[in-house]
Amino acid sequence: MEAVDYLAEERRKAEFDVEEMKIVWAGSRHAYEISDRVSRLVASDPVFRKDNRTMLSRKDLFKDTLRKAAHAWKRIIELRLSEEEAKTLRFYVDQPAYTDLHWGMFIPAIKGQGTEEQQQKWLPMAYKMQIIGCYAQTELGHGSNVQGLETTAKFDPQTDEFVIHSPTLTSSKWWPGGLGKVSTHAVVYARLIIDGQDHGVHGFIVQLRSLDDHSPLPGITVGDVGMKFGSGAYNSMDNGVLRFDHVRIPRNQMLMRVSQVTREGKYMQSDVPRQLVYGTMVYVRQTIVSDASRALSRAVCIATRYSAVRRQFGSQNGGPETQVINYKTQQSRLFPLLASAYAFKFVGEWLKWLYADVTQRLEANDFSTLPEAHACTAGLKSVTTSATADAIEECRKLCGGHGYLSSSGLPELFAVYIPACTYEGDNIVLLLQVARFLMKTVSQLGSGKNPVGTTAYMGRVEHLTQCNCEVQRAEDWLKPSVILEAFEARAARMSVACAKSLSKFSNPEEGFAELSADLVEAAVAHCQLIIVSKFIEKLQQDIPGKGVKRQLETLCNIYALYLLHKHLGDFISTGSISPKQGALANEQLRLLYSQVRPSVIALVDAFNYTDHYLGSILGCYDGNVYQKLYDEAWKDPLNETVVPDGYHEYIRPILKQHIRNARL
Ligand SMILES: CC/C=C\C/C=C\C/C=C\C/C=C\CCCCC(=O)SCCNC(=O)CCNC(=O)[C@H](O)C(C)(C)COP(=O)(O)OP(=O)(O)OC[C@H]1O[C@@H](n2cnc3c(N)ncnc32)[C@H](O)[C@@H]1OP(=O)(O)O
Ligand SMILES: Cc1cc2nc3c(=O)[nH]c(=O)nc-3n(C[C@H](O)[C@H](O)[C@H](O)COP(=O)(O)OP(=O)(O)OC[C@H]3O[C@@H](n4cnc5c(N)ncnc54)[C@H](O)[C@@H]3O)c2cc1C
């Protein structure tokens, strides 16, 4: 059989209806149709070509990004694309650009923190891209500690203006995407100072560049922070540095939904919580969870298809060698990642719902679910991005040597993706926020206030800290109730243990710092419980299509039992399960790998990614890997000449040195 036929053969083995699974993956038939149409539109447009971008110099890459962003905008207007279609188009263009921050943070910041009047003034210009904005929060000296920002916004009652200033080197804004070379405006986070009194960090809309000739306005120093990790990758983005020298803006450019400054310089707070100033971060963290499932599924699609094509060892009587996907070690590394992609997809969908719900409540002045929304978005952002970053690197290794080639698509995907563990909140810092939320929840147990939402299980803490797992045979691990109780017991016991240790400290903050490593582990356990439970909830829905639900059940079990195996220490040391039950879980996991094996190619086909989007020779749909690798090699600039540039200066003199030496 030719390499090109391997995937066709695999597709024949699928035990479910792939077309129906595509709809489940997309979220709805409507979303599937948009995604399918728009991804093909992007793939067929030569302006969106991306196979050469790791070869481009920084300047050429950046110009290429500007060209793509402008072309994308032109197509959006010409085709009258809806907001959802436009977002999908930008996603499939697949090149980080200033537009990510304009649409993803600048506009949401104004929507979430601006008054009605401010929204009416700024949003129409932003929607038409008559102004381009970024989100300027982080500074050279402070990123995680938002309360520590140093940029000041002093109110001048004489002129009814704020004076924005960078008092120190460390107060220089540093990192904002789109700031370096493109943004005309920014939402700038600065300390509000009125009459010498510091009212803490607030958001301000500041114009940075002229709308006529793009030059920085007086008092503004702005530029790019420089090259980042990897070639191509995130270097298409102009992450920027910005300093203010007493820049004046009108008073009405402070975002005033949360608090206001009157003409007389009086500071007033609405009855909405101060934390709403952080609302844009909650919004973006939620989108980052869905992005994790996309990045992970892309890497998994490449590694799975390649693993079915690649053969090593095991030839019998001159027959074909074994497909590497049939090695149990390959399966135990790859299939949990496939299951994780689906798990992150569904938890991302749920988080989107949670965010919509909290937004609706906020509009009705109900702030009760804000702490949970913060904890869920922070925790799930952290757990899904860390797992995805590790998984992309694992997929590279699963592809052996060829995974290290740029044309595999994996090195660039890794380089683009890993900052997700840092931006929008360092993952450890965010898990500590979850831990604070959990400790608060535990401390309130027994106070008559029942925990709700994702911490509702804590309401059964007495049972969960004493229950015994009922598993006696491997197949008992297939019961959702058994899996759920094991994950709940582990999470509850880890939180309660931390709370007990904390109570021994007379100073709770000191205790929190001392125990922070354990607290992070408790937070991870809680977040993994959420992901597992949302996968199980998804399976309670009506899911049409032959065999679709069954495949998802298998994936859900793989995801849960893989986590259980990986964190066996937690489960056993908390007494949530016994060592014997841990061994049975692993036995069941092996059986599940065999069960899902015939369908794995179809399960990655269900992502419905075009070859253009995948950007990988190893992952291409037809599986014609070797011919494509061979052809691609000859396209490298080094192969433009047979004898390389530099031969006469640097190679020949070495080769000929014995002639020179002989003459001496
Ligand atoms: C390749 C990509 C392609 C396409 C993507 C498409 C779309 C996505 C769009 C863009 C993504 C692309 C690029 C990425 C851009 C990245 C942008 C950024 O990085 S912006 C900067 C982000 N910065 C951070 O996240 C900083 C992290 N730090 C913090 O959030 C906070 O300071 C903190 C650590 C959470 C708070 O620390 P602290 O203890 O000092 O807390 P406070 O005193 O301030 O507040 C305590 C109190 O408030 C509660 N709280 C904290 N945060 C929130 C919140 N966000 N919402 C609600 N409540 C919050 C906290 O729980 C405490 O509550 P209490 O216990 O008092 O009840
Ligand atoms: C590619 C990229 C794009 C970005 N885009 C933007 C943007 O558009 N706008 C913007 O405003 N910002 C942006 N940022 C900045 C980003 O949000 C910050 O880098 C991020 O919030 C982390 O903050 P930091 O750099 O201060 O890390 P630090 O807080 O300095 O982290 C350094 C180390 O200290 C640890 N640490 C810090 N505090 C604690 C603690 N309390 N307890 C235990 N450990 C701790 C961290 O875990 C980490 O290991 C971007 C960053 C990157 C990399």
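## Close-up views of a predicted model

**The shell around ligand 1.** By class, this shell holds 13 nonpolar, twelve polar and four charged residues; Ala, Val, Leu, Ile, Met, Phe, Trp, Tyr, Cys and Pro count as nonpolar, Asp, Glu, Lys and Arg as charged, and the others, Gly among them, as polar. The model is predicted: local features need pLDDT of at least 70 and side-chain atom pairs count only at pLDDT 80 or more, whereas totals for chains, interfaces and linings use all residues. Residues are numbered from 1 along each chain as its sequence is written, chains are lettered from A, and ligands are numbered from 1 in the order in which they are written. G104, V146, Q275, Y278 and G425 come nearest of the 29 residues around ligand 1, a residue being near a molecule or strand if its C-beta atom, placed from the backbone, lies within 6 Å of it. Two or more residues of the shell are given by each of α6 (98-113), α8 (279-309), α10 (370-398) and α12 (427-443). Helices (H or I, at least four residues) and strands (E, at least two) are DSSP runs, numbered from the N terminus.

With five residues, α8 gives the most to the shell around ligand 1. The 31 residues of α8 reach 46 Å from the first C-alpha to the last, close to the 45 Å expected at 1.5 Å a residue; the expected span is 1.5 Å times one less than the number of residues. In α8, 28 of the 31 residues are buried. A residue is buried if 20 or more other C-beta atoms lie within 10 Å of its own, exposed if 12 or fewer, and partly exposed in between, with C-beta atoms placed from the backbone.

**The shell around ligand 2.** Among the 21 residues around ligand 2, Q137, T138, G143, S144 and W175 come nearest. At least two residues of this shell come from each of β1 (133-136) and α12, and α12 supplies the largest share, three residues. The class count is eleven nonpolar, eight polar and two charged residues.

**The open sheet β4-β8-β7.** Three strands lie in this order with antiparallel pairing; two strands pair if DSSP finds at least two bridges between them. The edge strands, β4 (173-174) and β7 (220-224), each pair on one side only. Five bridges join β7 to β8 (residues 240-244) in the antiparallel sense, with I220 opposite F244 in β8.

**The hairpin of β5 and β6.** Nine bridges connect β5 (residues 185-194) and β6 (residues 197-207) in the antiparallel sense. A186 has V206 of β6 as its bridge partner. Two residues lie between the strands of the hairpin, and D195 takes a positive phi near 50 degrees.

Residues 17-132 are 72% helix and 0% strand, with end C-alpha atoms 44 Å apart. Residues 480-656 are 71% helix and 0% strand, and their end C-alpha atoms lie 73 Å apart.

**The protein chain as context.** The chain contains 24 helices and eleven strands, and 45% of its 664 residues are buried. Its C-alpha atoms fill a box of roughly 90 × 80 × 65 Å along the principal axes.
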